[in-house]
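Please find below a colleague's notes on the structure shown here. They are set out as numbered points, to be read alongside the sequence.

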Amino acid sequence: MHRIELRDIEVRYRDVLALDRLSLTVEPGEFLALLGPSGCGKTTLLRVIAGFVPYRGSVLFDGRSVDDRPAHRRNIGIVFQDYALFPHKTVRENIGFGLKMRKTPRAALASRVEEMLALLQLDGLAERYPGQISGGQQQRVALARAIAINPSLLLLDEPLGALDKKLREEMQVELRQLQRRIGITTIFVTHDQEEALSLADRIAIMQHGAIRQIGAGADLYERPSSLFVARFMGQSNILAATAERLDADRLHCRIPSGETFLLPDHGKAPTGDILLSFRPERLRLGAEPSSETARLTGTIEHAAYLGGQILVRVRLGDGTIFKVAAANQGGMPEIAVGAPVALGFDPADVIVLTDEPQPGEGRLR
Amino acid sequence: MEKLGPFVRAAAPACAVLLIFVACLATLAGYSFRPRLGMAQMGSGFTLESYAAFFRDPFNLAYLWRSLWIATYTTAVVLVLGYVVAYHMTVCGPRMRLIITIILLVQFFTSYVIRTYAIVLALGRYGIVNNGLIALGVISVPAKLLFTEFAVAAGLVLVAVPFMVFPVYGSIAGISPNLRAAAGSLGATPAAVFREIVLPLSLPGVAAGVVIVYLFNLTAFITPSLLGGGHVDMIANLIFDRAMNTQDYPFASAAAMVSLLLTLIIVYLLQSGFRRTIRGAER
Amino acid sequence: MRRRDRHVAVSAASILIVALLCAPLIILFGVALNAGAQQVFPPRGISLRWFANVFSRSGFLDAIPFSLELAVLTTVVSLTIGTLAAIGIVRFRVPGRDLLLTALMSPLIVPQVVIGLSFLVTFTALGVHSSFAVILILHVTLALPFTVRVIVSSLARFNISIEEAARSLGAYPVKAFVTITLPAIRSGMLAASIFAFVASFENFTATAFLVWNRSTLPVEIFNYIQTENDPTGAAISALVVLTVAFAITISNRVIGLDALSHR
């Protein structure tokens, strides 16, 4: 179990800043997900830790710098997106490769390979070549090869991307169980927020070479610190509003259509122009006004029956489209396209965001 | 099976050309079994006398051994030189790679006669190699470099290098960079990465290059002609001489058939030899 | 990271080797520029007289257009035949097609001397004298493997659904092929043309069996350097090299070198 620390990592390709003074600590045994859109730098960060990419700043394993150590001396296990299995070597030779490089004696090498074959349920495939096994099996061989050397750290670069949905979900569970069993510190790169949410202890959301927010999945989802994170994690309905502080724990908000409501707030949000984010599943169709809830009004544009839930598109008074997710409680609720509807919500569920535009981000519409 | 009609029509002209080619080879084979009746005369009937004459005379066989020997060691040298250049092309910058590619392509598309003649000029008594050696003080009198086996070998090597570089480069460049990265992350030093990953996966290209170069060197005509001056004749020179100068067609045809057979055997041996070494790399 | 240093030895060796390959051609140019008749390098005095002399020799004056005509016709014929064959091989899943492809490559395996001699004896036996047509047939046979191979790989990479879309919109199959597919594989066709042209223009050994009082440029150069001892041979050779270098640079602009170097 090892702790990994990154301090002020900077990577520059010609004039593009791929990583912008990035700092991060990964706790021993933690499963951390690096999440973000393509080009955000998550794969570059992985390659910095692995030692494939020159960088400025410091990478420390258990407090000791590894900056001088080239990739082949950092003792890291990596699983690449395309698995990178050696096509000319058998499964057994692939798994044993790292041990062979460390000049492990033959008996110890053989028994460790057997151990890995059993752990990743690859018995019977030892003499096959990568071209002769399925995608899921290749993925497991790649994993086995990475952990066979008992690395300080496991790096996974979108390893499940090539698998179909069902297999991917199974592998997610297996992967997490495996990681818990051997207790290895793991960093997992993905662009799929559902995958990150289901696998990771903590998620670091990246954009433009920097970490925008880091925390447990629930934290990121319930309390996103920026518009980018709010939009990236799950669905959001965004409204611009002006806010005035009424007293110590209440914020008075006015939205463009003229409606106002009070939000509980503990003095954190500034006043003036703010953004409000509403999660689709926290909006209720046709709720009656009461002191506990606030309301938005609009007309129904479209309803989609998706089996597990019903997704309704509502056009608010000022033209903004809101997506509402209603759980399927049996039977279609009365949803008539074109009918006026009120959306009820609990003010405590509203997320307040103040956003400075990030480089590359357009103005809010 | 209704695809058969259009296929035949599309392939017909090419098949016609192929047929002409095969017919010519068949005629050649036929000639090799005809009796020799002196210059430009040929009888009818079937005989193995040309083949017998070829194999019985150690003078003839010497051409064969010399060709095989020279082809073998020159191909080995070309392999080393070509591999170095091909490997360099995969690790150098794009501008250098472009320059090298252009140089190689110019070689590739220039007639062998011209390229070999250039080497003749370089190795002559007053050529640059001699001048250089004298200037360096290695020798005091111009050495006889031309018309020696060394000259022929040098010519074969220099002319063949581009043919080795392209296929080898193709196979090394086709190795995914993630494979090298994976090997490195598992503890392989750069030397180990080369030995365990690059070298084995470059074998298909090496095989292709070796076959091309070996066949070319084995049956070379121009190089032994210009650089050997008659002193280092190889099998192709024998065939040409007997056909065009002596007009002993049956013998020349027999010698030609022998070289064809030799060529096919060597291709088969090289390809199956490489196939066994390549094993799982192509799957 | 210090990855560059690792490759210093290989880079140095490689550059040396490439320089060694260039050296003879540079010497060729140098010798051609000699003012005197001695073929020395570095040249003693600079003069273009030997280049001029090339064009006063009837042998060369005849051989140059002869070779060019041959090469152009070879290219046209082998490109047409090769494209047709490639269509057959790529588009029609018929049992014999792999065999056909391999068979079409066979002229590459057979030694040049053997091919040349076999053509000579065959046409002699038929009572046909050496002529332009005979050499043309020879050159087409030699060029066909190149055109077939390049066009097969171009066609195989071409996404046939584009052509099918055109046909679903009403275009006749042949028209769809000509207007949609051919332009899409034009870089392959250009590469194939270059290979075919070069295969014909630079061929020596096989052609040497079939020349009569007219010959191709490589044969003419060969004969000249065997008999004469002045820089004229070097001059015409240098001209050829210059033309090739020029053509390659143009091709790079037009289709990029990848099409030519990744066979």
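1. C:Gln38 is found in chain C, in the loop that runs between helix H2 (8–32) and helix H3 (49–54). The model is a predicted one. With a relative accessibility of 41%, C:Gln38 is classed as partly exposed, because that class lies between the buried limit of under 20% and the exposed limit of over 50%.

2. Apart from neighbours within four places in sequence, C:Gln38 has contacts with B:Tyr126, C:Arg44 and C:Pro231. The C-alpha atom of C:Gln38 is also separated by 7.8 Å from that of C:Asn229, although the two residues are 191 residues apart along the chain.

3. Helix H7 of chain C comprises 26 residues, residues 132–157. At 1.5 Å a residue it should span 38 Å, and the 37 Å between its end C-alpha atoms agrees with this.

4. Is H7(C) largely enclosed or largely open? Of its 26 residues, 19 are buried, and H7(C) is therefore largely enclosed by the rest of the structure.

5. In chain B, attention is drawn to helix H13 (residues 249–278), where B:Leu269 is placed. B:Leu269 has a relative accessibility of 52% and so counts as exposed, since the cut-off for that class is over 50%. Together with B:Leu261, B:Ile265 and B:Tyr268, B:Leu269 makes a nonpolar surface patch of about 450 Å².

Notes
Residues are numbered from 1 along each chain as its sequence is written. Chains are lettered from A and ligands numbered from 1 in the order in which they are written. This is a predicted model: local features need pLDDT of at least 70, side-chain atom pairs count only at pLDDT 80 or more; totals for chains, interfaces and linings use all residues. Side-chain values use heavy atoms; hydrogens and water are left out. Helices (H or I, at least four residues) and strands (E, at least two) are DSSP runs, numbered from the N terminus. The expected span of a helix is 1.5 Å times one less than its number of residues. Buried means under 20% relative accessible area, exposed over 50%, partly exposed in between (1.4 Å probe, protein chains only). Patches are made of residues with over 30% relative accessible area and no salt bridge: like charges are joined within 9 Å, nonpolar side chains (Val, Leu, Ile, Met, Phe, Trp, Tyr) within 5 Å. Accessible areas come from the Shrake-Rupley method with a 1.4 Å probe; for residues, only the protein chains shown count as cover. A salt bridge is a side-chain nitrogen of Lys or Arg within 4 Å of a carboxyl oxygen of Asp or Glu. Contact means heavy atoms within 4.5 Å.
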